[in-house]
Amino acid sequence: MEVNVVQGKGNELMERLDREGEATEADVFITADAGNLARLKEKGLTQAIESDVLAQNIPEKLKDTDNEWFGLTKRARVIVYSLERVDPSELSTYEALTEEAWQDRVLIRSSENIYNQSLMASFIELNGEEAAKEWAQGIVDNMAREPKGGDTDQMTAVVAGEGDVAIANTYYVGRLLNSENPEDVKVGEQLGVFFPNQDSTGTHINISGAAVTKHASNVDNATAFIEYLSSVDAQEVFAEANNEYPVNEEAEISETLQSWGDFKEQDINLTTLGNNNARAIQLMNEVGWK
Amino acid sequence: MKSVLHAIRRINIWAVLSFLFIVMILLPNLVIVVNFFTPGNENWQHIKDYLLVDILSNTAILLVFTGITTTLIGTSLAWIVTVYKFPLRNFLKWGLILPLAVPPFIGAYTYHGMLDYTGVIQATLRNQFQIEVDQKHFDIMSLEGSIFIFTLFLYPYIYVITKSFFEQQSASIVENARLLGANSVEVFFRVILPMSRAAIIGGVTIVLLEVINDYGVVKYFGVQTFITSIFQTWFAMGDIDSAFKIAGTLMIVVIVILLFEHFIRGRKRFSYASTKIRPIQPKQLVGFKAWLAFGYAFLVFSLALLIPLLQLLYWAFMTYEDIVTVEFITLVKNSFMVAAIAAFLIVVVALIIANYTRLYRSFFSKVIARITVLGYSIPGAIIAVGVITIFIALDDLFFSLFALFGQEPGFVLKTSLIMLIFAYVIRFLTVGYNSIESGFEKVGNTFTEASMMLGVPPLKTFFKVDIPLVKGAVVSGFILVFVDILKELPLTMLLQPFNFQTLSTKAFQYANDEMVNEAASASLLIIIISGICIFIFHKVLDKGEQS
């Protein structure tokens, strides 16, 4: 089976798929973030796939309730801290980062980023709009600097001493540790990974996943392709390449990930991330999260 | 009846084609304008309440300060290389144009990579000299940083225009000013700057439009501008109606800039005040002054080309084994192919329109000329929105046509490379047209008229007389468009078909995915190819001026 690929940013491709309508050549849509996948479904661009293989390989929580999209890899959005200046016993929850003790010490990228939007969306789901907005306000108040750059930049800034903790996705830490650039590795080695909210709502997780498009002309091949991506073999390659957690529980996780241990995950259906996305963006704008 | 016949006789192939091309350019923009006047929704209210002030002030700051810095650097460099001789002057004279080969977004992540904590500067300070520095001094991801990047990679637009103006214009005036006792600084600020106002404004306008069009730098540095907001509203909020509204507001800003240019420049064009052109005789600088001039010019050259190039070379060296594969060759082929096809089409279209507007001077042809140069003012992201909308409509039409005849439905979009190239033509037609129009202006109409009077029909005259006369301008136009498309980002990102990426989009994708080292090979290739093109262009232009 030959696979043709068009690459781009998730939401841009989605908009394009929407505009192309029935004219699309795309059979499978793969993107990072459940928020993107949920929006894809909401726009009516996906179709339900009944597959025993997928049902077996992918846990309930990491796929759409109507089987319209399927998670393929998983990452946690964690607190990364300076091993030098922060004792992990000071850390507990995402919420605690808004306390006075963390004033001018928190690094996080802009609200324009989908990972932050999804994190915020999960708080809307778990704690309600009011509390979520308060949290965002608290984070803005405690920011060590205006949000800029990507997750890697936040972690680098921790090591450089601009702040003490950063909120980042796990695979970025893995990427630093396994980089070709020795300076990156040094940065990675000065950072600790902390899974927040272990005694309460759990650490925020998100997925990269795939869906068969509404107007796909090769549904069977598309399904077979996603089934293959969820197989143990593909999962190990897939996850290892980017230091992500496989969704297929039989697949091995990379050594880097093993070293951080197990953790408790947020227990919400990821569909809600898409539903709450627009509201999340609005709330973050309202508190002045750049 | 007679007048109708007369009117029909005046409609010729040139007018019809020009009209069609103009409709093609206008349609995508019309989509924006029409949508601008629909009532705003809740999102638009939200944007007005919380974001618009930031967007406006950021954009204003970027425009004002980039305008000032590029003017100062561009004109002062042009001045120095024109009137003085100093070490390496002949090399720097065209070397200072070459930063045009560096797309600002590549400059942005290269500088960020160098200045970053793990970058070469801080790592060297730390590892070799045990010096830990305050990050504040190395932070480039800001408004100021964006201005720095735009200045370094956009100043050549002003440099090129003012340099050619100085070379052809200033000899007697400068000599007179000197005779009257003005020193160099006085000559520059009191004579040269005011005199070259029209040329500078022309250059600054291009710089400002480039700043407005930019997506790569501000997106990477996290500065909210119109373009990033269009992307965010359209894609992240899924609200194309509000995106149209932002785009419409941006169009107003663009119009203000164009009016501003028109107003300041007045009726002046940066052409010769007298027909006698006496090139200025450069003065030999000696000692400290010579080294000062050299130092300044070389500093800009280093910052804007040499240093980023060396950094990219190093990164490319680190990663090329994984990056330069069969896939990479395809990228190169793709980039060349679309750029060459679009540049060719643009040259053809520009020739037709330019030929029409010079031969048939009327209100209609003036309007056509004006609209032709409008495309470049419209940011690529906006053109992309409009073009997609139009192609979808076309496809629907074809779909129902096929169905009507009981055929299997087929889609134009399947060949959506057409869509991308179509958008390129709209965006960059101005660049080709300006070059060819000025070519026609230089040779005048006399040869064409002579040919037609001798009974050669217009079409034959066009191929036998007109095109050979403006050959140089055609080549220049082609090269300029080719380079612009090679560097283009937002439009390509939005419209690239399946299995299709260019060097530009690949480089940006790597950088934006926080893999700067991997972005280096593609970036380097863009810069080298563009650099060669600009070099050739410069040589062609030089020859043109001497003849």
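The predictor's confidence in each residue is expressed as pLDDT, on a scale from 0 to 100. For chain B the mean pLDDT is 84, and 91% of its residues reach 70 or more. The structure is a predicted model, in which local features need pLDDT of at least 70 and side-chain atom pairs count only at pLDDT 80 or more, while totals for chains, interfaces and linings use all residues. Residues are numbered from 1 along each chain as its sequence is written, chains are lettered from A and ligands numbered from 1 in the order in which they are written, and side-chain values use heavy atoms, with hydrogens and water left out.

The model as a whole scores ipTM 0.80 and pTM 0.86. Confidence can also be followed by element; helices (H or I, at least four residues) and strands (E, at least two) are DSSP runs, numbered from the N terminus. Where pLDDT is low, the predicted coordinates should not be read in detail.

The interface between the two chains comes next. In chain A, 43 residues are in contact (heavy atoms within 4.5 Å) with 57 residues of chain B. Together the chains bury about 4,300 Å², with 49% of this on carbon and sulfur atoms; buried area is the accessible area (1.4 Å probe) that two parts lose on being put together, summed over both. Between chain A and chain B, 14 residue pairs are in polar contact, both residues being at pLDDT 80 or more. A polar contact is a pair of N or O atoms within 3.5 Å; within protein, one must be able to donate a hydrogen and the other to accept it, and residues adjacent in sequence count only if both atoms are side-chain atoms. On the side of chain A that touches chain B, the elements giving two or more residues are helix H1 (10-20), H6, helix H7 (170-177), helix H8 (182-189) and helix H13 (277-286) of chain A. The residues of this side comprise nine nonpolar, twelve polar and 22 charged. In this division Ala, Val, Leu, Ile, Met, Phe, Trp, Tyr, Cys and Pro count as nonpolar, Asp, Glu, Lys and Arg as charged, and the others, Gly among them, as polar.

Side chains of opposite charge can pair when their charged atoms come close. A salt bridge is a side-chain nitrogen of Lys or Arg within 4 Å of a carboxyl oxygen of Asp or Glu. Over all chains, 23 salt bridges are found, and five salt bridges lie across the interface of chain A and chain B. One pairing joins A:Arg109 to B:Glu514, with the closest N and O atoms 3.4 Å apart. These two residues also belong to a salt-bridge network that links A:Arg77, A:Arg109, A:Asp151 and B:Glu514.

A salt bridge with an N to O distance of 2.7 Å joins the side chains of A:Lys148 and B:Asp139. This pair crosses between chains, from the loop between helix H5 (129-142) and helix H6 (151-160) of chain A to the loop between helix H7 (120-129) and helix H8 (143-169) of chain B. A:Lys148 is buried at 10% relative accessibility, whereas B:Asp139 is partly exposed at 31%; buried means under 20% relative accessible area, exposed over 50%, and partly exposed in between (1.4 Å probe, protein chains only).

Within chain B, the closest N and O atoms of the salt bridge between B:Arg358 and B:Asp466 are 3.0 Å apart. The pair links distant parts of the chain, with B:Arg358 in helix H16 (residues 326-359) and B:Asp466 in helix H21 (residues 458-469), 108 residues apart. B:Arg358 counts as buried at 6% relative accessibility, and B:Asp466 counts as buried at 1%.

Two further residues of chain B illustrate local packing. B:Ser18, in helix H2 (residues 13-36) of chain B, is buried with a relative accessible area of 0%. Leaving aside neighbours within four places in sequence, B:Ser18 is in contact with B:Ile352, B:Ile353, B:Tyr356 and B:Ile368. B:Gln224 lies in the loop between helix H12 (216-221) and helix H13 (226-236) of chain B, and its side chain makes a polar contact of 3.2 Å with the side chain of B:Thr228.

In chain A, helix H2 (residues 34-42) is mostly covered, with eight of its nine residues buried. At the start of this helix, a side-chain oxygen of A:Asp33 reaches to within 2.6 Å of the backbone nitrogen of A:Gly35. The helix is followed by A:Gly44, whose phi is positive, near 75 degrees.
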